[in-house]
Structures are given as C-alpha cells and as structure tokens.
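Biologist: I am new to this structure and would like to go through it step by step. Please show it first.

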Amino acid sequence: MSSPFRTFWQKWKSLQLPWRKRWLAGADLAGNKYYYFRPHTAAKPRRILQQNPRIPYSDIVIPVQWHQWLRHTRPTAPTIQELQSDETRKEQLKV
C-alpha cells in the first residue's frame with residue numbers, strides 16, 4: 001500500500017502541464033518508469049523508458065504490455081493490476 005504523499009506525487013508527475021517536457025505514464029513491477037516526452041511544444045509526444053538504476057542494463061526486461069505501449073501499438077498505458085494478473089497467469093502456466 002502506498003502512502004498518500006507518494007500517491008499525490010505520482011499524480012503530480014503525471015499531469016500534462018504546458019511547461020513540462022515529460023510527464024509520467026506509469027511504472028512496471030520491476031521499478032522502470034515510462035514517460036511521455038515532448039522535445040518542444042510543437043512536437044508530437046514521444047514515449048520513453050527510464051530504467052530502474054538498481055538493475056544492471058543487461059538484466060532489464062520490459063513487459064510485453066509496456067513494449068506495445070512504447071511502440072504505439074497500444075494506445076493506453078497498462079495498469080499495475082494488469083501487469084500483476086499477467087504475472088500470475090505466467091506462474092499458473094509454469095505448473
């Protein structure tokens with residue numbers, strides 16, 4: 001369970017304010033963060049990944065749902081609940 005301050009901070013970072021170059025789209029279970037990025041005001045927003053600094057670069061695994069979002073195959077960012085249900089589905093398939 002997250003604290004009220006953390007919830008507020010994530011909502012603040014996800015606001016698309018006119019002076020911001022990037023705003024938060026979401027995060028995955030490994031701690032990677034995904035952003036919309038606009039290099040200048042007239043440009044179409046890009047989608048970028050900021051990897052978890054605690055994980056070595058060679059060990060980073062991007063979930064399929066986020067990979068689809070980064071490549072504009074999926075219009076909306078996946079939720080944490082969706083990622084968790086996919087992980088439980090994978091675990092059930094292993095048995």
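Biologist: At 45% relative accessibility, is H72 buried, exposed or partly exposed?
Modeller: This is a predicted model, and the answer rests on computed accessibility. H72 lies in the loop between α2 (64-70) and α3 (80-94). Buried means under 20% relative accessible area and exposed means over 50%. Because its relative accessibility is 45%, H72 counts as partly exposed.

Biologist: What is the phi of H72?
Modeller: Most residues other than glycine have a negative phi. H72 is not a glycine, yet its phi is positive, at about 65°.

Biologist: In what pattern do the helices and strands follow one another along the protein chain?
Modeller: The protein chain has three helices and three strands. Its C-alpha atoms fill a box of roughly 50 × 30 × 25 Å, taken along the principal axes. Read along the sequence, the pattern is α-β-β-β-α-α.

Biologist: Which strands are the edge strands of the sheet?
Modeller: The three strands form an open sheet with antiparallel pairing, in the order β1-β2-β3. An edge strand here pairs on one side only, and this holds for β1 (22-27) and β3.

Biologist: By how many degrees are neighbouring strands of this sheet turned against each other on average?
Modeller: The sheet in question is the open one with the order β1-β2-β3. With direction ignored, its neighbouring strands are turned against each other on average by 30°.

Biologist: Which residue in β2 is the bridge partner of G26?
Modeller: Strand β1 runs antiparallel to β2 (residues 33-37), and five bridges join them. The two strands form a hairpin with five residues between them, and G31 in the turn has a positive phi of about 95°. L24 stands opposite Y35 in β2. For G26, the bridge partner in β2 is Y34.

Biologist: Which residues does N52 contact, leaving aside its neighbours within four places in sequence?
Modeller: N52 is found in the loop between β3 (46-50) and α2. At 15% relative accessibility, N52 counts as buried. A polar atom of its side chain lies 3.0 Å from the backbone oxygen of A30. With the neighbours left aside, the contacts of N52 are A30, G31 and N32.

Biologist: Which element gives the largest share of the largest nonpolar core?
Modeller: This core has five residues, namely Y34, W66, W69, L70 and L83. Three residues of the core, its largest share, come from α2.

Biologist: In the salt bridge of E82 and R74, what is the distance from N to O?
Modeller: Side chains of opposite charge can pair when their charged atoms come close. At 16% relative accessibility R74 counts as buried, whereas E82, at 28%, counts as partly exposed. Their side chains meet in a salt bridge with an N to O distance of 2.7 Å.

Biologist: Why are D86 and K90 separated by about one helical turn?
Modeller: The side chains of D86 and K90 meet in a salt bridge, at 3.8 Å from N to O. D86 is buried, with a relative accessible area of 13%, and K90 counts as partly exposed at 34%. Because they are four residues apart in helix α3, D86 and K90 are separated by about one helical turn.

Biologist: Which residues are linked in a network of salt bridges?
Modeller: K90 also forms a salt bridge with E87, the closest N and O atoms being 3.8 Å apart. Because K90 and E87 are three residues apart in helix α3, about one helical turn separates them. E87 is partly exposed, with a relative accessible area of 36%. The network links D86, E87, R89 and K90.

Biologist: What percentage of the 95 residues in the protein chain is buried?
Modeller: Buried means under 20% relative accessible area, and R74, at 16%, is one of the residues that count as buried. Of the 95 residues in the protein chain, the buried ones make up 24%.

Note on methods
Residues numbered from 1 in each chain as written. Predicted model: local features only at pLDDT ≥ 70, side-chain atom pairs only at ≥ 80, totals over all residues. Heavy atoms only, no water. Buried < 20%, exposed > 50% of the residue type's maximum accessible area, 1.4 Å probe, protein only. Core = buried A, V, L, I, M, F, W, Y, C linked by side-chain atoms within 4.5 Å. Salt bridge = Lys/Arg side-chain N within 4 Å of Asp/Glu carboxyl O. Polar contact = N/O pair within 3.5 Å; in protein donor to acceptor, adjacent residues only side chain to side chain. Contact = heavy atoms within 4.5 Å. Pairing = 2+ DSSP bridges. Axes fitted to C-alpha atoms, helices over the stretch in contact; angles between N-to-C directions.
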